[in-house]
Amino acid sequence: MPSLLIKTFCFLVACALASACNNKEFEVGEDVESPTPLFGTKILLPSGLGEVNTSMTNARGEVVGVRCSTCHSMELGGDVPARKAEELKDFHKDMKFNHGTLDCQSCHNPKDRDTLRLANGDSLAFADTMQLCAQCHGPQMRNYNDGSHGGMNGYWDLSKGPRVRNSCMHCHDVHNPAFPIASPVFAPRDRFLTSEKETHHE
Amino acid sequence: MSEAPNPDTVGGLTRRDAVKAFGATLGAAAFARALAPLSEWKDGMDFDSFVQKHYKELGPNDMDVVLRRLEKSTKEEYGADVEIRDIKPLDGVQYGYALNLSTCIGCRKCAEACHIENNHDRATGGSYIRVLEMKQGSIDLEHGDSTYEHPVPQPNRYYMPVQCQQCDNPPCVHVCPVQATWKEKDGIVVIDYNWCIGCRYCEAACPYHARRFNWAKPEIPAEEVNPVQAYLSNRIRPQGVVEKCHFCLHRTREGKQPACLEACPTGARVFGNLLDPNSDIRKVLATKRVFVLKEELGTRPRFFYFFDK
Amino acid sequence: MPRTQHSLTYPQFLLHALRSATDGSKFFYAWMTFLTALVLVGANAWAHQVNNGMALTGMSDQVSWGLYISNFTFLVGLAAGAVMMVIPAYLFDDHEMHDVVILGELLAVAALVMCIMFVVADLGRPDRVWHMIPGIGRFNWPISMLTWDVLVLNGYLIINAHVAGYLLYTRFIGKKPNPKWYLPFVFLSIAWAVSIHTVTAFLYSGLGGRPFWNTAILAPRFLASAFVSGPAFVIVSLQIIRRMTGLKFGDGPMMTLLKIMRVTVVLNLFMLAAEVFTQFYTGGAHVTSAQYLYFGLHGKHALVPWIWTAIFLNVTAAIMLMTPKAKTNMAWLNTACVMTFIGVWIEKGMGLIIPGFIPSTLHELVEYVPTLLEWKVMVGIWAAGILIYTLLLKAATPILTDKARAHQADED
């Protein structure tokens, strides 16, 4: 009788140990060789770079934009180029400007309005605006290049397919770059989950 | 003990026996009537569904038969033509996912994309992702709110989407009595929806509220059904089984980004192969200060959170 | 001594059981009809649940276990409580208890059948129960505690059914029972009774994501409350059985159980106090569920009246049981037993299972209110269990009073 109990006890202990051993750690494995990217990453550019929108539309219904030099070759800006948005009295009035302590000449080239300029004076095409962003926002640019800022569509494995990305300017208006506030998608509609009221506790 | 023959018996049966037999018949009929609603329930009650083996025991031919049967029943029940595949894990791949808490604005577009990609029930607006609005300065989930409806982002708040962490030490896998859920070799914890018995022990065990139960049959209009499906991921799940995020394995096992990542407008989500030293996820792990949720529970998640600063 | 022909006597035994189950007074028929009606209501409700999904219940992804698992947990305790009769009868040679211990074993059988019914009622896919059968399905033993529970509960059912069945059968055929056919099982059932409720507690206490349950004291608490609810039920039911059947026994068994309860009610309350202290003194993450349960949280307080009622019932019953009146005044004793039975039922179910889910793992506060359908299924299963217990007693008591005997072929 007692031997049966002892045998049962030993069996149960063995099972417990077996279960502990069964709980093998999941082995993540060794690093592999990085696959050769066979596809590229395409960075889209928004339309209207280096252009100002007019009130006209073309035959396709698209807004017609004019290049900066259209007006600026006529020196409509006056003798002293504006440095602050508040100085703009007649044109570019509907533009919102809130980009830290920058002024217009930080990025715009008064000598060639169809280009931008870097801090060292080098010219930069409007298509390369992102480089200008990166000039000051290095961390964000590094994040962007590493894939942790700015999102993407496409493949995580570039040996299997391409990637498409937005440029900085798609999300950040260069003159007022703060990411806009938006309404979120609806809250979870779980059964019995009600909205939490803000109450004081502890 | 012998008795004198009882004139009230007919062939050995007493009147009492006859009444008992009548009562028993009445009872049986009442019982059948009580259980009548069961006869209306046909979901997966054909013989083949009933005896279907566990995913791991299905050979390629068996799996084909199962997939065709499921495609056919999806067409019958939902009116949608779908293609269900069985997509195996890639070699040399271990998935990892990271989330940038400095960049997430709490728009819930990821949750919406998951809802659409994974054929969730429309009425409950289900999604595997739950976004918590957290108070600046605390990662205590006690101060999180998932029900916010105001414009985002709010000042002094940050946003933390939570979904299945695909733990390396998953409590849900340990507790399942029938091994309906397991961790695949590429790290994704999957569920065989045709094996799950719906006991919801895994749902109790998960520390991240990642597992969801089909309290009713999912309802999706035919035109909204995502027809690109896989057996272990986004096929339309039956009533009475558990489901959860599967890192969009029908996409990611072909090298594509998961749906939630593609939907994120700020690019707060980073996904890739942990074994590839040049992958985006490895760069995050190398350069950012990452943490995981509820680390003290020893679940070893594959989902990492980080701040830019 | 003519050799027993089991092929003749065993069918007689079964036939006797069938006959006695369906023979009785008008009261008996009314009782059985009433219970059957409740069972049918429950069965119908369950059929609707299977057909339309568990959306018909009040459970949610946040509170994913409710009335069914609460009752299951409580009933495992009730089944384990039967061991409180076995220990005095077999380990301490309490002869009076020995005469009635079989009634406790039959109670365990009925309670375990109820447990199994509650588990099946809670399954989202009851048609897939066969997936759990080792060999045919996939049985995740030994890692999943649920598989341990399946083994120990079915094992305990078999042990008790065997012991009770063997003793009744041997009495029926007028033979002295052979100790080697039942004594090892009796002693096994003592250890096994402890194991069923320990394993059930381990289902909960092993989950790191549920701090309200993730405590070592959970298993001892389960056992203490089992050894309160079991004896409480048996004390009251023994008196009912003595009144309704020809079974004759003194107050001895009740008094023994009372002595046991005087220890276990206090132990139960002590362990509750220990839990409450640890939760509230430390505060922090571990207290939110307890806060919700005892005082409400963020304006949600559905369980507060329940838990305080349970505490009131348990404390009052404990005091009542400690007084000398409990030994002499049967009404006093029975009231205390009923009170503590209900108190433990509330404390196990609403006081233990539900708060484990509130707040959820992401700290969402979703309350749980069972729907009418769940109450119907619960009532149906309780009625089925009581019906089974009634049938078992109805079959057993004529044998125990030696009124039912097998006819041997060469006897007359």
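**Figure 1. Polar contacts between the two domains of chain B.** Between domain 1 of chain B and domain 2 of chain B, 11 residue pairs are in polar contact, both residues at pLDDT 80 or more. A polar contact is a pair of N or O atoms within 3.5 Å; within protein, one must be able to donate a hydrogen and the other to accept it, and residues adjacent in sequence count only if both atoms are side-chain atoms. On the domain 1 side, the elements giving two or more residues are α3 (60-78) and β1 (83-85) of chain B, and α3(B) supplies the largest share, eight residues. Helices (H or I, at least four residues) and strands (E, at least two) are DSSP runs, numbered from the N terminus. The model is predicted: local features need pLDDT of at least 70, side-chain atom pairs count only at pLDDT 80 or more, and totals for chains, interfaces and linings use all residues. Residues are numbered from 1 along each chain as written, chains are lettered from A in the order written, and side-chain values use heavy atoms, without hydrogens and water.

Figure 2. Glu77(B) and Lys217(B) meet through their side chains in a salt bridge, 2.7 Å from N to O.

**Figure 3. The open sheet of chain A.** Three strands run in the order β1-β7-β6, with mixed pairing; strands pair if DSSP finds at least two bridges between them. β1(A) and β7 (163-165) of chain A pair in the parallel sense over three bridges, and Lys42(A) has Val164(A) as its bridge partner in β7(A).

Conventions
Salt bridge = Lys/Arg side-chain N within 4 Å of Asp/Glu carboxyl O.
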